[in-house]
Amino acid sequence: MDQEYQNILVPVDGSKEAELALERAIFVAKRNGAHVDVLNVIDTRAMAYNFAGMSDGSIAYQLVDKSKEYLTKLLKEAKEKNDFDNMDIHIRLGNPKTIISFDFIHDHHNDMIMIGASGLSRMQRAVMGSVTSYVKRNAPVDVLVVRTAVDKA
């Protein structure tokens with residue numbers, strides 16, 4: 001019996017790998033009649049590290065605005081390129097590892113996470129750890145790590 005997922009979470013961070021995961025999620029969602037939640041988590045730990053605690057709050061607002069622009073672009077592309085609109089976009093602030101693995105899926109009842117192989121550079125992974133590795137080890141739902149594009153042929 002094939003598993004039919006109904007509510008797929010796709011965390012995105014602007015990386016090519018994350019966008020491949022979104023492409024795969026749309027493909028699976030169209031086949032199953034599923035819903036896709038696209039989530040961008042603004043890492044508050046990185047903000048504190050990069051700005052050495054000197055942020056007045058306006059940086060967070062700017063990051064949220066940029067995130068909205070990016071997610072809206074992804075939503076528009078999904079409608080135009082894939083004729084898919086059963087998708088919602090979300091922004092959260094905090095630790096991406098715990099938000100993706102626990103908080104978001106608890107709030108939105110996702111039954112699968114499709115995540116890109118890695119959106120971080122080697123140095124970022126060494127300092128902060130891989131979000132993908134954490135999610136696949138700890139999430140209480142199925143996790144598919146996407147490494148390749150959907151073959152549309």
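Of the 153 residues in the chain, 42% are buried, meaning under 20% relative accessible area, with over 50% called exposed and anything in between partly exposed (1.4 Å probe, protein chains only). The model is a predicted one, so local features need pLDDT of at least 70 and side-chain atom pairs count only at pLDDT 80 or more, while totals for chains, interfaces and linings use all residues. Residues are numbered from 1 along each chain as its sequence is written, and side-chain values use heavy atoms, leaving out hydrogens and water.

How confident is the predictor? The mean pLDDT of the chain is 87, with 82% of the residues at 70 or more; pLDDT gives the predictor's confidence in each residue on a scale from 0 to 100.

Along the sequence they follow the pattern β-α-β-α-α-β-α-β-α-α-β.

The 5 strands form an open sheet in the order E3-E2-E1-E4-E5, with parallel pairing; two strands count as paired if DSSP finds at least two bridges between them. E3 and strand E5 (142–146) sit at the edges with a single partner strand each, so one side of each has no neighbour in the sheet. From one strand to the next, the twist averages 25°. Further in, E1 and strand E4 (residues 112–116) pair in the parallel sense over 2 bridges, and Leu9 stands opposite Ile113 in E4.

Now for helix H3 (residues 58–82): its 25 residues reach 36 Å from first C-alpha to last, close to the 36 Å expected at 1.5 Å a residue, where the expected span is 1.5 Å times one less than the number of residues. H3 lies across strand E2 (35–43) and E3, running at about 160° to E3; axes are lines fitted to C-alpha atoms, for helices over the stretch in contact, and angles run from 0 to 180 degrees between N-to-C directions. Its buried residues include Ile59, Val64, Tyr70 and Leu71.

His90 belongs to strand E3 (residues 87–94) and is buried, at a relative accessible area of 16%. Beyond neighbours within four places in sequence, His90 is in contact (heavy atoms within 4.5 Å) with Asp37, Val38, Leu39, Asn40, Leu71, Phe104 and His108.

How values were computed: Helix = DSSP H or I, 4+ residues; strand = E, 2+ residues; numbered from the N terminus.
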